[in-house]
Amino acid sequence: MQPGVISLVVVSDVVCPWCYIGQRELQKAIKDVEDLGLNIKVEHRPFLLNPSMQEDEAMDKATFYLQKFGEEKLKVIKEMVGSRAKDVGVEIYFEGWNCQTIRAHRLLRKAYVKGGQELQEKFLDALYYAYFTEGKNVADIDFLAELADTAGVLTKDQVVDFLKSDEYRAEVEQMANEARKKGITGVPFTVINGRWAVSGGQTSDVYTQIFRKLAGKGPLHTIPAAPSCDDSAGCPIARAAAAAAAAKS
């Protein structure tokens, strides 16, 4: 690794609210350390929180969450997510469609190969906004074609042809499986310089501390636990929220 270069691999899924929040926190941290002269490279890799769903399957989000968590726990989760979302300037709603995300991940991979970090994050931000703020079905081919065309990944016709093919399917599946083999069970999960890892939707302050430490400009305090999404119980499963709900009962 070259001096001043920090490489981040962020494992995440488009339907994870803590991934959306964590993405905004990370973006803020990168801006906050611009004075350090670091070259922070970010690559997003896939995690499938709904691996058993079919690619064309979509389920009403509100119904899905209510069945998974029950009314009391869901209320706590909504409060936690809503508070953090407000802090980072995004709107997260629990209406719309829950779906399988392999198509979105294949296009994210295409974006990274074609345009690197800049294009991949532009498309990822659009996916997050569409899913969490607009309630869109991010497995729908026609919608993905529109979104990817607007972001500059591919034209609409090219997206349709791409998704009907198997391009990047094996690579995305291999990356998702590799994450699980390495013990990643919840997202977001960030690997730093291939040596250290940070799990959960951390605040920008945590990332800023890490960057300053790596630049030799400050100490690194104990990294706190942070909420994440785990496919064993659906998303969003916030362990802290689950504990809070249990404490109220």
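**Rings and helices**

Modeller: Start with Phe94, which is buried, at a relative accessible area of 7% (buried means under 20%, exposed over 50%, partly exposed in between, with a 1.4 Å probe and protein chains only). This is a predicted model, where local features need pLDDT of at least 70 and side-chain atom pairs count only at pLDDT 80 or more, while totals for chains, interfaces and linings use all residues. Residues are numbered from 1 along each chain as its sequence is written, and side-chain values use heavy atoms, with hydrogens and water left out.

Biologist: How many aromatic pairs does the structure hold?

Modeller: Eight aromatic pairs. Rings of Phe, Tyr and Trp (its six-membered ring) pair if their centres lie within 6.5 Å; planes under 30 degrees apart are stacked, over 60 edge-to-face, and the rest tilted.

Biologist: Are Tyr20 and Phe132 stacked or edge-to-face?

Modeller: Their centres are 5.6 Å apart and the planes are at 15 degrees, so this pair is stacked. Tyr20 is in helix α1 (residues 17-32) and Phe132 in helix α3 (residues 102-133), so the pair ties together parts 112 residues apart in sequence. Helices here are DSSP runs (H or I, at least four residues), as are strands (E, at least two), numbered from the N terminus.

Biologist: Buried or exposed, those two?

Modeller: Tyr20 is buried at 2% relative accessible area, and Phe132 is buried at 1%.

Biologist: And what about Tyr65 and Phe94?

Modeller: Those ring centres are 5.3 Å apart with planes at 65 degrees, so the pair is edge-to-face. Tyr65 is in helix α2 (residues 61-88) and Phe94 in the loop between α2 and β4 (97-99), 29 residues apart. Tyr65 is buried, at 2% relative accessibility.

Biologist: Which residues do ring pairs link into a cluster?

Modeller: Tyr20, Tyr128, Tyr131 and Phe132.

Biologist: Different topic. Which charged end sits over the ring of Tyr131?

Modeller: That of Lys61, 3.7 Å from the ring centre. The rule is NZ of Lys or CZ of Arg within 6 Å of the ring centre and within 35 degrees of the ring normal. Arg106 sits over the ring of Phe162 with its charged end 5.0 Å from the centre.

Biologist: Back to the helices. At what angle do α1 and α3 pack?

Modeller: About 135 degrees, with the axes 10 Å apart. Axes are lines fitted to C-alpha atoms, for helices over the stretch in contact, and angles run from 0 to 180 degrees between N-to-C directions.

Biologist: Which residues of α1 make the contact?

Modeller: Pro17, Cys19, Tyr20, Gln23 and Gln27, where contact means heavy atoms within 4.5 Å. On the α3 side, Tyr128 and Phe132 are among them.
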